[in-house]
Amino acid sequence: MIEFDVKLADQRKPAGEREALLADPGFGQLFTEHMVTIEWTKGEGWHDARLRPYGPLALDPATKVFHYAQELFEGLKAYRQPDGSIVSFRPYANAARFNISCDRMAMPRLPEETFVQALELLVDADRDWVPTREGHSLYLRPFIIATETGMGVNAPSARYLFCVIASPSAAYFSGAIKPVSVWLSTEYTRAAPGGTGFAKCGGNYAAAFVAQQQAVEEGCDQVVWLDAAEHRWVEEMGGMNLFFVYGSGAEARLVTPPLTGTLLPGITRDSLLKLAPDLGIPVSEEKISVEQWRDDVASGALTEAFACGTAAVITPVGRVKGASGEFVIGGGAMGATTARLREELVGIQYGDKPDPHAWITKL
Ligand code: PLP
Ligand code: COI
């Protein structure tokens with residue numbers, strides 16, 4: 001266990017003001033009163049672990065992260081339970097993925113216990129900011145940046161800052177759970193074999209904004225990424241993995257694209273691959289092409305599609321548009337299998353359903 005230096009904010013927001021902010025927090029707009037920082041220096045390792053008041057970071061303009069984007073992040077949530085306690089969902093899975101991303105970005109690994117300890121400390125300091133409203137949660141954003149100054153690119157940074165901030169949040173997609181529309185991106189590629197697709201590095205998202213902008217110009221909510229070589233195989237969405245439902249009722253089965261190295265191994269994706277069989281819904285990881293998606297919807301074999309991720313939870317996909325046309329899935333409403341999986345997952349996260357896989361960790 002690393003020793004943290006703790007300095008709490010001198011002044012806390014009055015309860016009334018905090019409650020007013022929590023009434024309509026949006027997603028990732030509002031931040032709590034503290035943050036965690038830990039530094040790493042080559043030859044010394046991790047040091048200066050601190051819990052301190054939330055505030056700006058002072059960095060030299062020549063800091064490597066500004067120039068070469070040596071940065072990566074994680075995203076997970078803290079959930080208020082019916083008895084008022086606070087838990088998170090599979091935080092060690094996020095810690096493990098964080099380290100896999102670190103390996104790819106030539107950044108130092110952080111011990112998993114330290115990652116979780118940092119979350120615990122921050123949530124404990126800002127407990128009052130964990131929402132109690134239905135569907136709201138405290139979104140936790142651990143990240144690491146290269147803090148060495150200098151323009152050389154011969155070696156990765158010799159200094160890093162790990163930081164965790166927390167954001168009380170409502171649903172990622174505003175309004176009721178209505179299906180989203182998606183744009184099949186053929187002009188741009190998110191990730192190619194050997195690249196950083198499986199890592200949660202900021203650069204993947206920086207390069208994605210132009211395609212997301214195009215999706216919006218095309219009248220869609222989100223971009224769907226296809227493989228880099230053929231622009232044909234469905235991979236994932238801007239910030240979510242994708243699932244397809246074949247059949248319905250007792251015959252329903254789930255299909256999701258396999259982890260080829262070019263898509264993010266979502267923790268929600270992994271959880272659904274384990275949860276669905278518990279509900280008697282078979283799962284398989286299979287490549288699916290855009291043509292198959294369209295044809296299987298047309299034949300009635302593919303009945304539902306949904307996006308899943310920490311921020312998006314489970315969100316139905318209702319309309320798919322690409323350069324050569326568009327089609328609608330499930331009449332634009334959330335399908336029964338999607339709804340069932342969503343209810344089960346959310347039930348575990350909010351403590352309303354049993355947790356057979358021991359995914360819940362008290363914070
Ligand atoms: N794919 C991308 C590109 C993402 O940014 C995310 C969000 O973290 C996901 C998938 C879903 O991952 P998870 O379920 O771990 O949140
Ligand atoms: C998440 O779901 O945690 C994400 O990182 C998605 C998005 C907000 C980038």
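User: How many nonpolar, polar and charged residues does the shell around ligand 2 have?

Analyst: By class, that shell has 1 nonpolar, 4 polar and no charged residues. Ala, Val, Leu, Ile, Met, Phe, Trp, Tyr, Cys and Pro count as nonpolar, Asp, Glu, Lys and Arg as charged, and the others, Gly among them, as polar. This is a predicted model, where local features need pLDDT of at least 70 and side-chain atom pairs count only at pLDDT 80 or more, while totals for chains, interfaces and linings use all residues. Residues are numbered from 1 along each chain as its sequence is written, with chains lettered from A and ligands numbered from 1 in the order in which they are written.

User: Which residues surround ligand 2, and what makes a residue count as near a molecule?

Analyst: Ligand 2 is surrounded by G75, G239, G309, T310 and A311. The test is a C-beta atom, placed from the backbone, within 6 Å of the molecule.

User: Which helix gives the most to the shell around ligand 1?

Analyst: That's α7 (residues 267-278), with 3 residues. Helices here are DSSP runs of H or I, at least four residues, and strands are runs of E, at least two, numbered from the N terminus. The ligand 1 shell splits into 3 nonpolar, 7 polar and 2 charged residues.

User: Why is T189 called buried?

Analyst: Buried takes 20 or more other C-beta atoms within 10 Å of a residue's own (12 or fewer is exposed, in between is partly exposed; C-beta atoms are placed from the backbone). T189 has 20 C-beta neighbours inside 10 Å, so it counts as buried. T189 lies in the loop between β9 (180-185) and α5 (202-206).

User: What is F243 in contact with, beyond its neighbours within four places in sequence?

Analyst: Contact calls for C-beta atoms, placed from the backbone, within 7 Å. By that rule F243 is in contact with L254, T256, L272, A305, F306 and C308.

Notes
Two residues are in contact if their C-beta atoms, placed from the backbone, lie within 7 Å.
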